[in-house]
Amino acid sequence: MVTVSSEGQRFARFDMTDLNAERRYRTAFAYVQSKRANLCFARELQRRADAAGLRLRSMAVAPGLTRSDVLTGGAHSDRGRVYGLLARLLLRTAFRPTPDGAKTSLYASTVPDLPGGSYVVPDGPLQLRGEPVLRDRERALRDSSTAHRLWALSERLTGVRYALPAEPPSRE
């Protein structure tokens with residue numbers, strides 16, 4: 001399973017009491033927070049699959065700066081003509097074509113010997129462009145407490161529960 005995150009996740013901070021941004025919504029904050037949550041989800045899914053003895057590989061990827069509608073669609077679609085022109089110019093000059101952004105997802109889903117729980121990013125400066133490589137220095141990759149809390153909160157908010165153990169079975 002491949003979950004798409006972003007290197008923007010490095011700037012995220014969780015307010016566990018307002019994950020739905022009901023008190024204050026800021027587009028960029030919500031985006032990086034969702035991408036950090038995706039990274040936590042991928043790692044927690046792998047941890048739970050391992051605890052259940054499942055042969056499942058959960059990977060997280062960051063596509064890098066990729067041309068999409070993240071700057072022009074959704075909440076940004078009504079920001080005005082000047083913003084739209086500048087955003088499209090930025091996308092054409094600084095962001096790479098969508099097929100290049102798909103490289104990390106394809107790498108994570110097709111390379112057979114990658115360990116479950118891996119985080120695949122572009123190898124270029126700031127992991128914004130380049131060829132896929134594994135990255136293991138992210139704080140979120142080691143934050144199992146937040147990942148566990150987000151998993152439990154997601155189950156409660158969605159009403160969807162998974163029959164995956166939070167801990168491996170004891171060997172008594």
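This briefing describes the fold, the cores, selected residues and the salt bridges of one protein model. The model is predicted, so local features are given only at pLDDT of at least 70 and side-chain atom pairs only at pLDDT 80 or more, while totals for chains, interfaces and linings use all residues. Residues are numbered from 1 along each chain as its sequence is written, and side-chain values use heavy atoms, with hydrogens and water left out. The protein has six helices and four strands, these being DSSP runs numbered from the N terminus (helices H or I, at least four residues; strands E, at least two).

**Overall fold**
- From the N terminus on, the order of elements is β-α-β-α-α-α-β-β-α-α.
- Of the 172 residues in the protein, 35% are buried, where buried means under 20% relative accessible area, exposed means over 50%, and partly exposed lies in between (1.4 Å probe, protein chains only).
- Among contacts between residues at least 6 apart in sequence, 68% join residues at least 24 apart, a contact being heavy atoms within 4.5 Å.

**Nonpolar cores**
- The largest nonpolar core has eleven residues, among them Leu39, Cys40, Ala62, Tyr119, Val121 and Leu150; such a core is a set of buried Ala, Val, Leu, Ile, Met, Phe, Trp, Tyr and Cys residues joined through side-chain atoms within 4.5 Å.
- Two or more residues of this core come from each of H1, S3, helix H5 (139-142) and helix H6 (144-158), and the largest share, three residues, is supplied by H1.
- A second, separate core of six residues includes Met59, Val61, Ala108 and Leu114.

**Individual residues**
- Threonine 104, in helix H4 (residues 103-110), is buried, with a relative accessible area of 0%, and its side chain reaches the backbone oxygen of alanine 62 at 3.2 Å.
- Beyond its neighbours within four places in sequence, threonine 104 is in contact with Val61, Ala62, Pro63, Val120, Val121, Pro122 and Pro132.
- Glycine 124 lies in the loop between strand S3 (119-122) and strand S4 (132-134) and counts as buried at 14% relative accessibility; its C-alpha is 9.1 Å from that of glycine 64, although the two are 60 residues apart in sequence.
- Alanine 21, in the loop between strand S1 (2-4) and helix H1 (27-52), has a phi near 55°, a positive value in a residue other than glycine.
- Most residues other than glycine have a negative phi.

**Salt bridges**
- There are eight salt bridges when each is taken as a side-chain nitrogen of Lys or Arg within 4 Å of a carboxyl oxygen of Asp or Glu.
- Arginine 135 and glutamate 7 form one of these at 3.8 Å, N to O, and the pair links the loop between S4 and H5 with the loop between S1 and H1, 128 residues apart.
- Both partners are buried, arginine 135 with a relative accessible area of 11% and glutamate 7 at 7% relative accessibility.
- Within helix H1, arginine 47 and glutamate 44 are three residues apart, about one turn of the helix, and their side chains meet at 2.6 Å, N to O; arginine 47 is partly exposed at 26%, whereas glutamate 44 is buried at 1%.
- Lysine 103 forms a salt bridge with aspartate 100, the closest N and O atoms being 3.9 Å apart.
- Salt bridges that share partners join Glu7, Arg10 and Arg135 into one network.

Technical notes: Polar contact = N/O pair within 3.5 Å; in protein donor to acceptor, adjacent residues only side chain to side chain.
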